Amino acid sequence: RHLLAAGATLVYGGDLRANGFTELLFQLAARHAIAPREPVVINPLPWPVHCTMYWSELEAKAQAAAPVARIEPLARDGSVMLPALRAILPGHTPNKDEWKIGLTAMRQAVAARVDAYVLLGGQVDMTKIKGRMPGIAEEALEAIKAGRPVYLAGGFGGCARDVIEILGVAPAYPLSHAAEWGAAALFSHRSSKDLNAGLDPKELERLAVTANVDEMVALVLRGLQQLGVPAN
């Protein structure tokens with residue numbers, strides 16, 4: 001809400017399930033964005049998520065989200081598909097490899113276009129994960145590779161808290177699952193300095209452990225301001 005009120009554009013690669021987080025972001029944008037003339041939430045929809053949908057269904061969801069949000073169906077390589085091409089796409093059930101390739105491609109495409117990341121929560125049960133690794137972990141890695149500021153809010157636990165632990169931002173915590181999904185190997189040679197967040201070590205740790213949403217907001221906004229990241 002604070003970022004929307006500041007004029008930011010939010011990018012989120014989630015699915016379109018009923019009452020899911022993507023739908024929530026669309027609703028927040030409609031309520032809190034300041035007189036949007038262009039989309040303030042962009043939903044790059046990974047290939048394996050949308051390829052099973054009929055074009056009419058996808059188009060209806062896109063129209064319902066407009067003008068405050070834009071749904072961008074992605075091809076297997078992460079590029080945005082032209083509507084005319086997507087409209088003639090036959091129904092397709094993605095296999096495991098397509099899920100992995102498509103999710104990674106989406107995350108790489110997002111890393112190439114955004115100014116900063118805010119990461120929190122995240123699934124850590126590998127039996128429920130369709131990508132190469134937990135989604136939050138891959139988001140963090142792609143962000144670091146691209147040199148983007150990363151704000152890890154660990155107060156809700158999940159994968160974000162595991163990444164915090166493995167980067168040495170804050171001490172290990174009792175509910176850590178980092179060893180279960182191979183965090184040490186994935187984040188070898190990485191540290192808290194790679195987060196490039198514009199916050200000092202104490203502020204990073206505070207963001208990593210606080211469960212107070214107002215404090216999270218204040219720290220993220222402070223870091224962005226310190227870095228001079230534009231609101232839009």
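In the predicted model, E72 and R70 form a salt bridge in which the closest N and O atoms are 2.9 Å apart. Salt bridges that share partners join R70, E72 and R113 into one network. In a further pair, D15 forms a salt bridge with R17, the closest N and O atoms lying 2.7 Å apart; D15 is partly exposed at a relative accessible area of 25%, and R17 counts as exposed at 55%. The total for the protein comes to nine salt bridges.

The protein contains 11 helices and five strands. For a chain of 232 residues, a compact globule would have a radius of gyration near 17 Å, and the value of 18 Å computed for the protein agrees with this. The C-alpha trace spans about 50 × 40 × 30 Å along its principal axes. Of the 232 residues, 43% count as buried, and the accessible surface comes to about 12200 Å², of which 54% belongs to carbon and sulfur atoms. Among contacts with a separation of 6 or more, 71% are accounted for by residues 24 or more positions apart.

The peptide bond from A66 to P67 is cis, with omega near 5°, and P67 lies in the loop between α4 (55-65) and β3 (69-73). A positive phi of about 65° is found at H189, although H189 is not a glycine, and a positive phi near 50° is found at N196, likewise a residue other than glycine. H189 lies in the loop between α9 (183-186) and α10, and N196 is also found in the loop between α9 and α10. H189 is exposed, with a relative accessible area of 81%, whereas N196, at 37% relative accessibility, counts as partly exposed.

Helix α10 comprises residues 201-209, and within this helix E203, L204, L207 and A208 are buried. Seen down the axis of α10, the buried residues fall within an arc of 140°, so they line one face of the helix. The cover over these buried residues includes β5 (150-153), α8 (158-166) and α11 (213-227). On the other side of α10, P201 and K202 are exposed. At the start of the helix, a side-chain oxygen of D200 reaches to within 3.1 Å of the backbone nitrogen of K202.

Key
Residues numbered from 1 in each chain as written. Predicted model: local features only at pLDDT ≥ 70, side-chain atom pairs only at ≥ 80, totals over all residues. Heavy atoms only, no water. Buried < 20%, exposed > 50% of the residue type's maximum accessible area, 1.4 Å probe, protein only. Helix = DSSP H or I, 4+ residues; strand = E, 2+ residues; numbered from the N terminus. Arc of directions from axis to C-beta. Contact = heavy atoms within 4.5 Å. Polar contact = N/O pair within 3.5 Å; in protein donor to acceptor, adjacent residues only side chain to side chain. Rg over C-alpha atoms; globule rule 2.2 N^0.38 Å. Areas by Shrake-Rupley, 256 points an atom, 1.4 Å probe, with all protein chains shown as cover. Salt bridge = Lys/Arg side-chain N within 4 Å of Asp/Glu carboxyl O.
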